Amino acid sequence: MTANQALAGDGDTELFPATEEALRQRDTALRALSALLAGRPHAEYSALTLPDYR
């Protein structure tokens with residue numbers, strides 16, 4: 001969990017902008033996309049293992 005939280009950084013992300021201008025820029029960029037590109041995979045994404053509850 002800590003490793004995944006560290007990926008968030010300081011909270012300044014493109015999907016959740018902090019200013020109106022950044023929000024407009026994000027919305028414009030998202031409207032121009034025809035598909036979302038896959039990002040670089042992180043080992044943290046699959047580091048969590050859950051018990052078998054069967």
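F16 sits in the loop between α1 (2-7) and α2, and that loop residue is a handy way into this predicted model. The protein chain has two helices and zero strands.

**Overall surface**

- Is F16 buried or exposed? With a relative accessible area of 63%, F16 is exposed, because the cut-off for that label is over 50%.
- F16 is also part of a nonpolar surface patch, which it makes together with L15, L30 and L33.
- That patch covers about 410 Å².

- How many salt bridges does the rule give? The count comes to four.
- One of the salt bridges links E20 with R24, and their closest N and O atoms are 3.7 Å apart. That passes because the cut-off is 4 Å.
- Why are E20 and R24 about one helical turn apart? Because they are four residues apart in helix α2, which spans residues 20-32.
- E21 also pairs with R24, this time with an N to O distance of 3.2 Å.
- E21 and R24 are three residues apart in helix α2, again about one turn of the helix.
- As for accessibility, E20 counts as exposed at 60%, while R24 counts as partly exposed at 47%.
- E21 is partly exposed too, its relative accessible area being 41%.
- Salt bridges that share partners tie E20, E21 and R24 into one network.
- Then there's the pair D27 and R26, whose side chains meet in a salt bridge at 2.7 Å, N to O.
- R26 has a relative accessible area of 22%, so it lands in the partly exposed class, given that buried means under 20%.

- Where is R54? Look in the segment after α2.
- R54 is exposed, with 88% relative accessible area.
- Which side chain does the R54 side chain contact? It makes a polar contact with the side chain of D52, at 3.0 Å.

**A3 in helix α1**

- Over in helix α1 you'll find A3.
- A3 has a relative accessible area of 36%, so it is partly exposed, a class that lies between the 20% and 50% cut-offs.
- How far apart are A3 and L48 in space? Their C-alpha atoms are 9.8 Å apart, while in sequence the two residues are 45 residues apart.

How values were computed
Residues numbered from 1 in each chain as written. Predicted model: local features only at pLDDT ≥ 70, side-chain atom pairs only at ≥ 80, totals over all residues. Heavy atoms only, no water. Buried < 20%, exposed > 50% of the residue type's maximum accessible area, 1.4 Å probe, protein only. Patch = residues over 30% accessible without salt bridge, like charges linked within 9 Å, V, L, I, M, F, W, Y side chains within 5 Å. Areas by Shrake-Rupley, 256 points an atom, 1.4 Å probe, with all protein chains shown as cover. Polar contact = N/O pair within 3.5 Å; in protein donor to acceptor, adjacent residues only side chain to side chain.
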